[in-house]
Amino acid sequence: MPLSSSSTDVPRASAWRQHDTTRLLPARVELAPVPPPTPAPADATILIPADGGSLDAWEAMDGSPAPWTIEGDAVVIAPGSGSIRTRQPFGDVQLHLEWKAAPEPEKTSQDRSNSGVMFFEGLYEVQILDTFDNATYPDGMAGAIYGQYPPLADALRPSDQWQHYDLFFRGPRFGTDGAVLEPARLTVLINGVLVQNNELLPGSTLWMQSLPYAPHPRRGKIVLQDHGSPVRFRNVWIRETPDRPAPPDGYAEIRAADVSDADLARLVGHYERGPGD
């Protein structure tokens, strides 16, 4: 049955208030040594190469050339220049990105290497933030679905090491009348650790706001956020994931039926495990 356009029937994230600083923090996970950049599959679209920074796949939010800088194998945020977005729109995706915090030990909470990866030009954000030994509100930690779901675990490496994000995003489905047929879903791994497990988003992700879904197309551009820190990015690649048909009607339903001996033999067969069986 379609969900209402106000999304009141979409499952709620939790009983905690948004950005509640008294909410319990997730447990820390100890990680193996930093791996090399994750190779992109052959069918992936390369957004930032692993062996050399490039902004060819990106633009400013107004469509002009992307204003960030390139340093060796990384693209670096130019603080204050504005966020960037992909030139190409995407639908449901598998997205891999690697990022490294800026050296900002003097900053705390949301000010330390804050950025974000956003689907549909900012509607659905997964937080990028240096929260290694840096406390902040749980639904704003690195790996949080911003303002909705804290990460299931604190899986960030020390600030001077590269972080690996793997995101699996399925966009919301809307009816012709704008009703929400299916909310967006997000699964996220940080450094190989599951931190968001196929979560249902109750609406768009916003700071200090909780707004319902508004209908939008099935494809949209992906944004990397400028939040005032020179965060570095490398080895960003993406794969679009196609829709697939559901199992046939009646699958897994128990139905009584008359079956002839011949059809029973054809469908079930006869098996022997050994002499006399």
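Is Tyr213 buried or exposed? Tyr213 is buried, with a relative accessible area of 5%, where buried means under 20% relative accessible area, exposed over 50% and partly exposed in between, with a 1.4 Å probe and protein chains only. The model is predicted, so local features need pLDDT of at least 70 and side-chain atom pairs count only at pLDDT 80 or more, whereas totals for chains, interfaces and linings use all residues. Residues are numbered from 1 along each chain as its sequence is written, and side-chain values use heavy atoms, with hydrogens and water left out.

Of the 277 residues, 48% count as buried. Among contacts (heavy atoms within 4.5 Å) with a separation of 6 or more, 70% are between residues 24 or more positions apart.

In soluble globular proteins, nonpolar side chains tend to be buried together. The largest nonpolar core here has 47 residues, and Leu95, Leu97, Phe119 and Phe233 touch the most other members. Such a core is a set of buried Ala, Val, Leu, Ile, Met, Phe, Trp, Tyr and Cys residues joined through side-chain atoms within 4.5 Å. Strands that each supply at least two of its residues include β1 (45–48), β7 (115–119), β9 (163–170) and β15 (232–240). The largest share, four residues, comes from β6.

Five bridges join the antiparallel strands β7 and β8. Met118 has Glu125, in β8, as its bridge partner.

Aromatic residues provide a further set of links. The whole structure contains nine aromatic pairs, defined for rings of Phe, Tyr and Trp (its six-membered ring) by centres within 6.5 Å; planes under 30 degrees apart count as stacked, over 60 as edge-to-face and the rest as tilted. Trp68 and Phe233 form a stacked pair, at 6.1 Å centre to centre and 20° between the planes. This pair links distant parts of the chain, since Trp68 lies in the loop between β2 and β3 (69–71) and Phe233 in strand β15, 165 residues apart. Trp68 is buried at a relative accessible area of 5%, and Phe233 is buried at 0%.

Tyr213 belongs to an edge-to-face pair with Phe174, at 6.1 Å centre to centre and 70° between the planes. Phe174 lies in strand β10 (residues 173–174) and Tyr213 in the loop between β13 and β14 (223–224), so the pair ties together parts that are 39 residues apart in sequence. Phe174 counts as buried at 18% relative accessibility. Phe174 and Tyr213 are also members of one aromatic cluster with Phe119, Phe120, Tyr124 and Phe169.

Ser83 is placed in the loop between β4 (74–76) and β5 (84–86). Ser83 counts as buried because its relative accessibility is 18%. A polar atom of the Ser83 side chain lies 3.1 Å from the backbone nitrogen of Asp226. Not counting residues up to four places away in sequence, Ser83 touches Ala60, Met61, Trp68, Val223, Leu224, Gln225 and Asp226.

Technical notes
Polar contact = N/O pair within 3.5 Å; in protein donor to acceptor, adjacent residues only side chain to side chain. Pairing = 2+ DSSP bridges.
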